[in-house]
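Here is a short briefing to read with the structure open beside you.

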Amino acid sequence: MFVFGEQLTKENSYYDSFFISNGDTVWYKLGSDWSDSEVDWLINARTGLFALVDTNLNVITEFKYTYAYPFSQGMNTVGASINNKWGVVNKLGEEVVKFKYPHSPYSFYDTILKKEFYIFKKRHKEGVIDEDGDIVIPFDRVEIFNCGYGILQIQKGKNYFWYFLRTKKTILHGTQTVECSFYKSGKTIIIDEKTGKCGVIDTTGTFIKPCVYDRNEVKKFLK
């Protein structure tokens with residue numbers, strides 16, 4: 001039996017509506033709706049656990065997740081947790097990353113590769129896993145930061161690198177600086193930190209122009 005209703009009290013201000021199924025009240029969370037996705041999460045009020053459902057309230061997964069991020073902005077996968085262990089679930093309810101990580105991941109969508117990635121931490125080291133569950137960068141980095149355009153800034157040991165996801169190329173930070181603000185041409189400026197001269201690279205880490213130009217001069221190659 002399903003009974004639908006509204007509950008907008010002060011105590012339940014985070015919830016928008018609810019229904020009752022077999023004696024359990026299941027809340028639908030305000031602010032997490034189907035405007036961006038054909039699936040969403042429901043919360044069982046008795047257990048506090050999340051389940052993935054479609055727009056017809058067909059349950060895709062069991063009510064077993066202790067927390068889950070919404071499928072917003074067209075994301076195909078999201079981070080979720082079971083008993084304080086984090087993993088990744090896709091829209092089909094498949095757990096593409098096993099629930100074994102102690103911390104919530106940082107997720108990002110790469111506009112160049114058109115793919116979702118997750119930065120997880122394990123034993124004080126960070127790594128990157130893609131939406132298919134494949135490890136892109138192993139867990140031997142101290143810190144990983146997403147710069148956008150398929151470029152990551154990573155720390156391994158005492159050194160920092162620019163890492164290009166499309167080609168897996170690296171550039172040592174401290175010798176050259178990549179300006180992560182690409183033009184429509186897919187190019188940006190790279191600066192030789194010893195000479196101060198500028199060059200041009202693309203999103204694969206390929207040099208278009210060497211670092212021999214003044215800053216004002218190199219801009220003509222970005223068009």
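In what order do the 4 strands of the open sheet stand? The order is β10-β11-β12-β13, and the pairing is antiparallel. Please keep in mind that this is a predicted model.

**The open sheet**
- β10 (106-110) and β13 (135-141) stand at the edges with a single partner strand each, so one side of each has no neighbour in the sheet.
- On average, neighbouring strands of this sheet are turned by 20 degrees against each other, direction ignored.
- Strand β12 (residues 125-130) runs antiparallel to β13, and 3 bridges join the two.
- To see one of these contacts, look at Ile 129, whose bridge partner in β13 is Ile 135.

**The β4-β5 hairpin**
- Strand β4 (residues 39-44) and β5 run antiparallel and are joined by 5 bridges.
- Asp 40 is a handy landmark here, as Asp 40 stands opposite Val 53 in β5.
- The hairpin has 5 residues between its two strands, and Gly 48 in the turn has a positive phi of about 75 degrees.
- Strand β5 (residues 50-54) is largely enclosed by the rest of the structure, because 5 of its 5 residues are buried.
- Both faces of β5 are covered: one side carries Phe 50, Leu 52 and Asp 54, the other Ala 51 and Val 53, and all are buried.

**A nonpolar surface patch**
- Ile 112, Leu 113 and Tyr 149 make a nonpolar surface patch of about 210 Å².
- You will find Tyr 149 in the loop between β14 (143-148) and β15 (151-156).
- With a relative accessible area of 32%, Tyr 149 is partly exposed.

Technical notes: Residues numbered from 1 in each chain as written. Predicted model: local features only at pLDDT ≥ 70, side-chain atom pairs only at ≥ 80, totals over all residues. Heavy atoms only, no water. Patch = residues over 30% accessible without salt bridge, like charges linked within 9 Å, V, L, I, M, F, W, Y side chains within 5 Å. Areas by Shrake-Rupley, 256 points an atom, 1.4 Å probe, with all protein chains shown as cover. Salt bridge = Lys/Arg side-chain N within 4 Å of Asp/Glu carboxyl O. Buried < 20%, exposed > 50% of the residue type's maximum accessible area, 1.4 Å probe, protein only. Pairing = 2+ DSSP bridges. Axes fitted to C-alpha atoms, helices over the stretch in contact; angles between N-to-C directions.
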